[in-house]
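Work through the exercises below with the sequence and the model open. Each task is followed by a stepwise solution.

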Amino acid sequence: MDEPIDCLKARLSDTMKSALKAGEKEKLSFARNLHAAIRKLELDARKDLTDAAVQKNADTLIKHRQDSLEQFRKVGRDCLAVPEEAVKAMLTTFLQPVHSH
């Protein structure tokens with residue numbers, strides 16, 4: 001049986017709500033940015049994305065963050081690497097499978 005199409009999007013919505021209530025600015029910013037990226041892809045494709053499509057695009061975002069990290073560290077710009085690393089960690093954590101039972 002297939003999982004609901006919007007399982008990751010529902011988790012993202014829950015993450016935004018809990019971060020807003022808890023006053024977690026960085027987590028809220030991350031969730032809003034990821035939501036905006038997913039929404040843009042949906043508008044471009046003119047259809048809702050499945051969890052697999054969301055996962056694929058998020059994996060691409062993680063790779064971009066890793067590339068940025070490597071470039072910033074290579075030129076000694078740790079002040080720019082730290083936020084990239086934080087976002088990469090949030091993406092990785094968010095995309096880990098959640099077992100409901």
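**Exercise 1. Locate Arg46 and decide whether it is buried or exposed.**

Step 1. This is a predicted model. Arg46 sits in the loop that links H2 and H3.
Step 2. Check the backbone. The phi angle of Arg46 is near 60 degrees, a positive value in a residue other than glycine.
Step 3. Check the surface. The relative accessibility of Arg46 is 77%. The exposed class begins over 50%, so Arg46 counts as exposed.

**Exercise 2. Which class of accessibility does Glu24 fall into, and what does Glu24 touch?**

Step 1. Glu24 belongs to the loop between H1 and H2.
Step 2. Glu24 has 37% relative accessibility, so it counts as partly exposed.
Step 3. Set aside residues up to four places away in sequence. Glu24 then touches Ser18 and Ala19.

**Exercise 3. Classify Glu42 as buried or exposed, and list its contacts beyond four places in sequence.**

Step 1. Glu42 is part of helix H2.
Step 2. Its relative accessibility is 6%. The buried class lies under 20%, so Glu42 is buried.
Step 3. Leave out neighbours within four places in sequence. The contacts of Glu42 are Lys9, Lys47, Asp48 and Leu49.

**Exercise 4. Describe how H1 and H2 pack: what are the angle, the distance and the handedness?**

Step 1. Two packed helices are described by the angle between their axes and the distance between the axes.
Step 2. The axes of H1 and H2 come within 9 Å and cross at roughly 150 degrees.
Step 3. Angles over 145 degrees count as roughly antiparallel, so H1 and H2 are roughly antiparallel to each other.
Step 4. Their crossing is left-handed.
Step 5. Sort the contact of H1 with H2: 8 nonpolar, 2 polar and 4 charged residues.

**Exercise 5. Repeat the analysis for H2 and H4: how are the helices oriented, and which residues make the contact?**

Step 1. H2 covers residues 25-45, and H4 covers residues 78-95.
Step 2. The two axes come within 11 Å and cross at roughly 70 degrees.
Step 3. The range 65 to 115 degrees counts as roughly perpendicular, so H2 and H4 fall in that class.
Step 4. The crossing of H2 and H4 is right-handed.
Step 5. On the H2 side, the contact uses Glu26, Lys27, Phe30 and Leu34. On the H4 side, it uses Val87, Met90, Leu91 and Phe94.
Step 6. The contact of H2 with H4 divides into 6 nonpolar, no polar and 2 charged residues.

**Exercise 6. Which residues join H1 to H3, and at what angle do these helices pack?**

Step 1. H1 spans residues 7-22, and H3 spans residues 51-74.
Step 2. The packing angle is about 65 degrees, and the axes are 7 Å apart.
Step 3. Cys7, Leu8 and Lys9 of H1 meet Asp51, Val54 and Gln55 of H3.
Step 4. By type, the contact of H1 with H3 holds 3 nonpolar, 1 polar and 2 charged residues.

**Exercise 7. Summarise the whole chain: how many helices and strands, and what share is buried?**

Step 1. The protein chain has 4 helices and 0 strands. Its pattern along the sequence is α-α-α-α.
Step 2. Of its 101 residues, 24% are buried.
Step 3. The accessible surface is about 7,500 Å², and carbon and sulfur atoms account for 55% of that area.
Step 4. Take contacts between residues at least 6 apart in sequence. Of these, 56% join residues at least 24 apart.

Technical notes: Residues are numbered from 1 along each chain as its sequence is written. This is a predicted model: local features need pLDDT of at least 70, side-chain atom pairs count only at pLDDT 80 or more; totals for chains, interfaces and linings use all residues. Side-chain values use heavy atoms; hydrogens and water are left out. Helices (H or I, at least four residues) and strands (E, at least two) are DSSP runs, numbered from the N terminus. Buried means under 20% relative accessible area, exposed over 50%, partly exposed in between (1.4 Å probe, protein chains only). Contact means heavy atoms within 4.5 Å. Accessible areas come from the Shrake-Rupley method with a 1.4 Å probe; for residues, only the protein chains shown count as cover. Axes are lines fitted to C-alpha atoms, for helices over the stretch in contact, and angles run from 0 to 180 degrees between N-to-C directions. Angles under 35 degrees count as roughly parallel, over 145 as roughly antiparallel, 65 to 115 as roughly perpendicular and the rest as oblique. A crossing is left-handed if the near helix is turned anticlockwise from the far one by less than a right angle, and right-handed if clockwise. Ala, Val, Leu, Ile, Met, Phe, Trp, Tyr, Cys and Pro count as nonpolar, Asp, Glu, Lys and Arg as charged, and the others, Gly among them, as polar.
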